[in-house]
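This report describes selected features of the structure shown below.

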Amino acid sequence: MNSTFLFISGLTLGAGAILGTVVIAGAQLTTPGPFTATQAEAGQTIYGRSCYACHEAGGEAGQLIGPAFINNWRSRTTQDLFRRVKDTMPLDNPGSLSDADTASIVAFLLEKNGASPGTTPFTSATAVQVGTIVIGDTSNVLRADGGQTRSGSPSAAGRAANGADAMRRGMAPLVTGITVSGMVNKYTAVTEEMMEHPPASDWLMHYQNYLGWSHSPLKQINVKNVRNLQLRWAWSLDDGERQQITPLVHDGVMFVSVNVDNKVQALNAKTGDLIWENSLGPRLIGVENATRTMALYGNHLFYPATDATLYALDARNGHIDWKIKFSNFGEDKIGGLMIADGKLIAGLGRCDEPVAEDRCFIAAYDVNDGHQIWKFWTVAYSGEPGGDTWGTMADGTRAGADAWIAGTYDPKLKLVYWGTGQAKSGKNGIGDKLFANATIAIDVETGKLKWYYLPAPDEGLDLDEVFEKVLVDEGPQNILLTAGKKGILWKLDRTNGRFLDYVPTVFQNVFTSIDRRTGRATYRSDILNPQPGVPRTSCPAQSGGHNWPASSYVPEDDLIILPLEQICVMARNMTGNYEAPASDGYLGRLSAYYAKTLKPAWTLQQRAPFLTSSMTTAGGIGFVGDWDRTFRAFDVKTGKTLWKTRLGTTAQGFPVSYSVDGEQFIAVPTGYLGGSPEVRPDTILDLERNRPTVGHAIYVFALPEKQ
Amino acid sequence: MLNPKRDRTTAKLSCRPLRAAVIFALVCSPAFASQKYQTDIGPTPRDGRNSANVQGRGAAQATLNGSNFTVHGTFAGLAGAATDAHLCMGNVMGGTGPSIYDLKITKAQKGEFGGAVTLTSDQVLALNAGRIYVLLNSQTAPHGNLWGWFQPGHLVAKPDVPQDGNWYIPNILTEQGVPPS
């Protein structure tokens with residue numbers, strides 16, 4: 001049966017449309033899908049109970065209705081989809097869905113993505129190419145529900161859909177290549193010496209230094225004069241999709257990137273003038289992805305495109321020197337990116353399908369030509385160290401352990417420290433599933449594992465322990481501090497991974513005990529053994545606790561300062577996000593702890609969560625931005641706000657500080673789309689705050705210019 | 001260890017001052033001093049579809065005297081009139097569980113709620129573990145509109161005002177590997 005459908009604007013559907021159907025302009029469907037209407041209807045109920053909390057109200061998992069689904073599944077079969085759901089979902093208890101329930105969910109997803117029900121029931125054996133059932137030109141697909149399934153009230157979500165999608169509809173096809181030619185006049189090649197001792201005027205890498213401090217040695221701006229900060233310049237970035245970048249600065253040049261169309265730009269860091277621009281492409285449509293890190297070394301700027309292509313650009317003019325395809329599978333992306341020991345090291349993210357082709361890893365590459373030097377698989381297979389920790393699971397069915405956050409490096413120990421996400425297949429109780437949900441130390445020269453630390457196996461709530469590994473020396477002791485989504489700040493000996501101490505930084509109720517000797521934690525019994533249909537709480541929610549907005553370390557005061565969120569989630573039946581107990585309605589928390597003792601120094605709470613990293617300077621001030629567009633400077637010793645301003649939209653990404661011609665600048669990116677740290681607060685704050693749904697940009701502040 | 005013959009007499013004679021001491025200790029022990037509890041009450045879970053129905057905010061204070069638990073709270077901003085309120089006992093702090101007592105409530109979009117109940121020993125333990133919560137239902141959210149888990153009395157932070165040192169964070173962790181009751 002061929003049909004032609006009218007293109008329907010999201011504006012016309014209004015508040016009544018929930019989980020609306022995607023319609024495609026001028027599309028012609030082929031045959032009815034191999035499922036029944038009864039199955040699809042049952043699937044909607046099951047999806048709402050078991051899947052909605054993460055996929056639609058959460059933001060940390062791919063949205064399954066719309067362009068992202070079509071892009072990802074067009075060439076694959078319905079049987080692949082069945083197995084994906086059956087073997088890996090729900091995340092906290094993979095394999096627990098019956099065949100009948102799984103078939104119903106598949107039927108629901110196919111229908112909601114444009115397939116028509118037929119008379120033949122869907123079964124586990126049904127293998128039809130998805131693209132023959134759901135077809136369309138994804139560049140022009142508009143979520144006909146006005147984006148309501150994303151989050152928030154109909155008006156807010158509709159505005160979001162209209163803002164970004166309307167712009168995409170009006171956009172000309174992306175022109176790729178050098179779109180603005182230019183040359184950086186004076187550019188000093190970045191050396192290993194510079195990386196180990198970064199010039200104070202630069203922000204050479206994601207965390208400012210190898211140790212993960214996000215701390216600038218500059219002190220021209222200090223507690224006394226920060227109140228005089230003024231906007232010096234702003235630079236708009238293309239709107240659409242997530243934007244959570246770290247501007248890099250070297251020799252007075254700021255390098256930024258635009259997520260939606262993989263555009264890389266070099267700006268004059270003093271004036272904001274564009275020097276060169278390379279539109280690498282592709283243009284992202286409805287795919288959950290965020291580029292947070294780039295890297296500088298030699299004369300190269302390394303950029304991880306959202307289609308998992310790793311580019312080496314000439315930092316002086318933006319031309320491509322070399323490129324490699326990091327992964328060809330599904331929605332895989334390049335997660336963390338860093339330079340260490342003169343090598344380019346990157347981790348694979350979104351590698352969460354239980355097939356051998358999608359095995360997660362961290363790898364090192366030659367900066368000059370991109371050839372691989374070593375690879376460390378974060379999912380252990382049989383016969384490898386850790387390979388006996390996945391029970392009886394066949395190698396190709398082991399999934400997860402994404403390396404989606406950039407690591408840190410100790411040049412003396414020659415170790416790089418990374419975190420991994422949780423396992424994404426395998427039932428609870430079969431083993432530690434190494435090296436998922438762990439902190440790992442890898443020999444930078446060989447890629448061999450030195451040690452790992454795993455707080456608890458069977459992490460099935462998406463509460464990753466993957467985030468920044470902050471390296472601090474306490475006299476002769478070399479320690480590593482890291483906080484995962486549960487908000488527990490762990491302290492380890494970074495020479496051998498030995499657990500030293502911990503402190504909870506927010507309320508959490510997923511662990512009931514932590515062994516003080518080993519750091520091994522125990523989950524609540526109902527988390528390890530979830531009962532179908534029984535509501536289950538997780539505090540924090542998948543937004544964390546702590547998440548990708550990184551902490552900063554202030555060496556002058558031995559303080560680690562963490563941006564935190566205080567949101568819980570209820571799954572099954574009573575699905576959704578709520579304020580954590582004892583949070584008193586404060587979703588946002590900024591807390592400082594003494595690294596040596598893990599004793600609390602100060603904490604600051606507010607309604608809106610913080611969505612930038614904490615960035616501190618030797619001037620005794622820190623900077624952080626939040627969901628509600630406020631960017632502030634605070635006294636690192638007390639947490640007192642010394643200055644603040646409102647930006648065009650959510651402050652989101654990694655603020656940096658640098659200097660040019662002796663003048664210090666503070667830069668902060670803004671962006672309004674994101675994963676769970678942005679989506680979950682949205683469901684709580686949607687009727688209180690109205691945020692603009694455009695406004696990706698860089699804002700740069702400085703003290704008043706001297707006359 | 002008392003000598004059975006002589007010590008019985010000794011124990012009997014010595015029981016009077018001992019009994020008095022025990023009574024004195026029981027009366028004056030912390031278990032019998034009133035304990036203050038408090039909770040902010042905020043919206044029940046919101047998923048992006050129910051925001052308009054699940055609105056409002058409130059607060060509650062409570063006092064535990066022995067096993068007598070007295071609750072009083074206020075609320076405002078509901079989308080529909082409140083219908084009923086309950087004390088509930090969750091499986092964990094932040095988790096849900098059955099209603100254990102009904103509370104009186106103003107059946108309006110703003111008002112008060114409260115009641116005085118006698119807790120069982122298990123319920124007292126649950127209170128001290130942060131598992132007792134108040135749940136308000138309304139016409140627009142009949143299965144939960146506002147809720148909050150009782151915490152021991154503590155200083156509430158003002159927005160945007162830093163707190164020094166040991167601020168309050170509920171902690172359910174044990175460190176001997178024994179889950180809390």
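## Helix packing and cysteines

In this predicted model, helix 1 of chain A meets helix 5 of chain A through A:Gln39, A:Ala40, A:Ala42, A:Gly43, A:Gln44, A:Ile46 and A:Tyr47. The partners in helix 5 of chain A are A:Asp101, A:Ala103, A:Ser104, A:Ile105, A:Ala107, A:Phe108, A:Leu109, A:Glu111 and A:Lys112. By residue type, this contact divides into nine nonpolar, four polar and three charged residues.

Two packed helices are described by the angle between their axes and the distance between the axes. Here, helix 1 (residues 37-50) and helix 5 (residues 99-112) of chain A pack at an angle of about 100°, and their axes lie 7 Å apart. Angles of 65 to 115 degrees count as roughly perpendicular, and helix 1 of chain A and helix 5 of chain A are therefore roughly perpendicular to each other.

The second topic is the cysteines. Over all chains, a search of the whole structure finds two disulfides. When the bonded cysteines of chain A are numbered in sequence order, their pairing is 1-2, 3-4. The table gives the values for each link.

| Disulfide | S to S distance | Torsion about the S-S bond |
|---|---|---|
| A:Cys351 to A:Cys360 | 1.8 Å | about 110° |
| A:Cys539 to A:Cys568 | 2.1 Å | 115° |

The disulfide of A:Cys351 and A:Cys360 is right-handed, because the torsion about its S-S bond is about 110°. A:Cys351 is buried, with a relative accessible area of 0%, and A:Cys360 is buried with a value of 0%.

The link of A:Cys539 and A:Cys568 is right-handed, with 115° about the S-S bond. A:Cys539 belongs to the loop between strand 26 (536-538) and strand 27 (552-554) of chain A, while A:Cys568 belongs to strand 29 (residues 567-571) of chain A, so this pair ties together parts that are 29 residues apart in sequence. A:Cys539 is buried, with a relative accessible area of 0%; A:Cys568 is buried, with a relative accessible area of 0%.

Why is the sulfur of B:Cys88 too far from the closest cysteine sulfur for a bond? A disulfide requires cysteine sulfur atoms within 2.5 Å, whereas the sulfur of B:Cys88 is 16 Å from the closest cysteine sulfur, that of A:Cys539, and is therefore too far for a bond. B:Cys88 is buried, with a relative accessible area of 2%.

Definitions and conventions. Residues are numbered from 1 along each chain as its sequence is written. Chains are lettered from A and ligands numbered from 1 in the order in which they are written. This is a predicted model: local features need pLDDT of at least 70, side-chain atom pairs count only at pLDDT 80 or more; totals for chains, interfaces and linings use all residues. Side-chain values use heavy atoms; hydrogens and water are left out. Axes are lines fitted to C-alpha atoms, for helices over the stretch in contact, and angles run from 0 to 180 degrees between N-to-C directions. Helices (H or I, at least four residues) and strands (E, at least two) are DSSP runs, numbered from the N terminus. Angles under 35 degrees count as roughly parallel, over 145 as roughly antiparallel, 65 to 115 as roughly perpendicular and the rest as oblique. Contact means heavy atoms within 4.5 Å. Ala, Val, Leu, Ile, Met, Phe, Trp, Tyr, Cys and Pro count as nonpolar, Asp, Glu, Lys and Arg as charged, and the others, Gly among them, as polar. Buried means under 20% relative accessible area, exposed over 50%, partly exposed in between (1.4 Å probe, protein chains only).
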